[in-house]
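Please examine the protein and its ligand shown below. The briefing that accompanies them is arranged by topic.

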Amino acid sequence: MPSVKHNDMPPTTLMRRISFSRYPSPPPPSVSGPPLRLRLRPLQLTLRRFNSSSATPTTISLLGRTYPTDGWTNITPSITAHLSQNLHLQPSHPISITRSLIESRFPSPTYTHHNHLSPIVTTAQNFDSLGFPSDHPGRARSDTYYINAGHVLRTHTSAHQLDLFKANHAPGFLVSADVYRRDAIDRSHYPVFHQMEGARGWDLAKTSVAEINDETEYLASLTASLQVEDLHPPFHEQTNPLQPQHSSEAAAAVAAHLKRSLESVVLALFTSAPNPDADADADSPSSSSSSSSSSTPAPPLKVRWVEAYFPFTSPSWELEVFWRGSWLELLGCGIVQHPILTAANLPSSHISWAFGVGLERIAMVLFGIPDIRLFWSTDDRFTAQFIQGEVTRFIEFSKFPGTLRDIAFWLPGGVEDGEDTGGANSGAGGPAVHENDIMEIIRNVGGDLVEDVLLKDQFTHPKTKRASRCYRVHYRSLERTLTSEEVNAKHAELEKALKEALGVEIR
Ligand code: PHE
């Protein structure tokens with residue numbers, strides 16, 4: 001049975017898994033206060049050094065276009081190698097099978113499907129058009145891959161919202177695409193992943209609320225077997241406000257249509273998955289025969305709605321599903337901020353919902369895939385397992401042993417900022433290093449041989465005030481056994497790269 005547990009890692013309370021920063025995390029704009037992370041200035045210093053050692057050219061050609069580089073450039077060859085691989089379009093790939101299942105719930109002509117939009121977008125598309133404040137942490141170079149100051153690899157499919165609302169091809173649209181974020185290294189995070197965006201709008205001058213409600217009623221009839229927990233009112237003045245342009249009646253109707261649409265997606269997805277508990281029952285000593293496990297009716301699928309925050313929707317929610325004993329966050333959604341629709345030249349009577357969902361997380365659960373790197377495997381023991389249109393249980397072909405190596409170093413500069421905000425250090429005496437910069441170098445050197453990286457310990461020297469970090473790097477190939485010579489050579493290369501790029505001193 002595949003497992004997502006790190007059971008081959010030694011348990012230690014010192015270790016901290018590097019956290020995953022997500023878009024909903026910043027406080028809503030009504031909460032005033034300093035931006036979460038102040039790290040743009042120190043990072044620019046870091047990058048210049050990183051660039052000079054790796055000789056960044058003055059221009060970069062990507063997907064047939066040439067871009068000038070500048071002080072914002074931080075994309076690396078290991079990332080650009082993923083451009084145009086299009087896992088979401090390879091018919092028998094689990095990412096594509098998951099995409100098709102979701103697409104089938106949003107048929108044309110009501111929804112147009114967009115699966116070939118370029119991953120290179122402007123900062124205006126990715127952030128400004130969606131109302132991201134200028135100090136939003138998502139804009140930081142520590143979190144986003146910049147080609148230059150004006151162009152990024154899209155960090156989410158919402159980057160296409162404004163353009164698709166403008167094009168106004170149909171009442172709704174769906175986008176599926178690769179998205180890019182600088183992040184931690186572990187079995188469920190990879191700097192490239194896939195998302196689907198959906199939106200559906202109505203011109204209330206032409207469609208009545210009653211017509212929206214009729215459609216919602218039909219959607220609800222499809223999901224009668226689902227157990228839904230929705231404890232919050234459709235909007236809340238402080239925590240999840242109704243927009244001033246919307247009547248409560250219209251917003252409630254659109255919210256209900258959104259929620260029933262997504263519930264039908266979840267039901268379609270999770271009832272298509274082979275029941276993983278069937279094998280667990282068969283293995284367990286209490287099950288006397290295989291027929292007893294198959295005759296036990298499956299418990300109803302449970303989902304719950306929780307309030308959320310996104311700069312481009314209000315009210316906003318996340319949908320979670322109860323799967324194998326815990327609540328799993330699946331997607332974010334909400335009623336589109338009216339100024340986005342106005343900017344798209346839609347009439348002021350227009351109202352729309354939107355959602356965004358990550359495909360890897362769902363595919364890992366549905367297919368039982370234990371490591372996110374497997375999606376990129378070209379080993380036919382992986383690729384040949386899957387069949388277009390079918391959700392099948394992943395058969396682990398082999399588990400090659402992993403090996404651990406620690407790397408301990410002094411960060412450049414002096415005083416630590418004291419707060420663990422993800423910035424590894426800052427202050428007087430030298431450039432700061434963001435944890436994601438360290439991760440990026442580990443990825444560049446180790447590639448897919450690095451399964452995960454844990455912060456093993458950190459401290460500040462009481463006299464010199466220098467900050468020390470020790471990371472534990474877990475090397476493991478999904479396809480073969482690594483030799484210790486090979487791992488030692490990689491690790492030595494990593495030490496050298498960290499020294500050269502970030503100016504750390506290896507201890
Ligand atoms: N873009 C958001 C994310 O990546 C998800 C989202 C899409 C939320 C559309 C609301 C509406 O987290």
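Predicted model: local features only at pLDDT ≥ 70, side-chain atom pairs only at ≥ 80, totals over all residues.

Residues are numbered from 1 along each chain as its sequence is written, and side-chain values use heavy atoms, with hydrogens and water left out.

**The protein as a whole**

- The protein has 14 helices and 18 strands; helices (H or I, at least four residues) and strands (E, at least two) are DSSP runs, numbered from the N terminus.
- Of its 507 residues, 52% count as buried, where buried means under 20% relative accessible area with a 1.4 Å probe and protein chains only.
- Among contacts (heavy atoms within 4.5 Å) with a separation of 6 or more, 72% join residues 24 or more positions apart.

**The ligand site**

- The ligand is surrounded by 14 residues, of which the closest are H156, S158, R181, Q195 and G356; a residue belongs here if one of its heavy atoms lies within 4 Å of the ligand.
- A polar side-chain atom of S158 is 2.8 Å from a nitrogen atom of the ligand.
- An N or O atom in the side chain of R181 lies 3.0 Å from an oxygen atom of the ligand.
- For Q195, a polar side-chain atom is 3.0 Å from a ligand oxygen atom.
- On its own the ligand has 320 Å² of accessible area, and the protein covers 98% of it.
- Two or more residues of the shell come from each of β9 (192-203), β13 (326-336) and β14 (350-358), and β14 gives the largest share, three residues.
- The shell comprises five nonpolar, seven polar and two charged residues; Ala, Val, Leu, Ile, Met, Phe, Trp, Tyr, Cys and Pro count as nonpolar, Asp, Glu, Lys and Arg as charged, and the others, Gly among them, as polar.

**Helix α11**

- Helix α11 (residues 359-367) is mostly covered, with eight of its nine residues buried.
- These buried residues are L359, E360, I362, A363, M364, V365, L366 and F367.
- They pack against α3 (94-103), β9, α7 (248-272), β12 (313-323), β13 and β14.

Conventions: Polar contact = N/O pair within 3.5 Å; in protein donor to acceptor, adjacent residues only side chain to side chain. Areas by Shrake-Rupley, 256 points an atom, 1.4 Å probe, with all protein chains shown as cover. Buried < 20%, exposed > 50% of the residue type's maximum accessible area, 1.4 Å probe, protein only.
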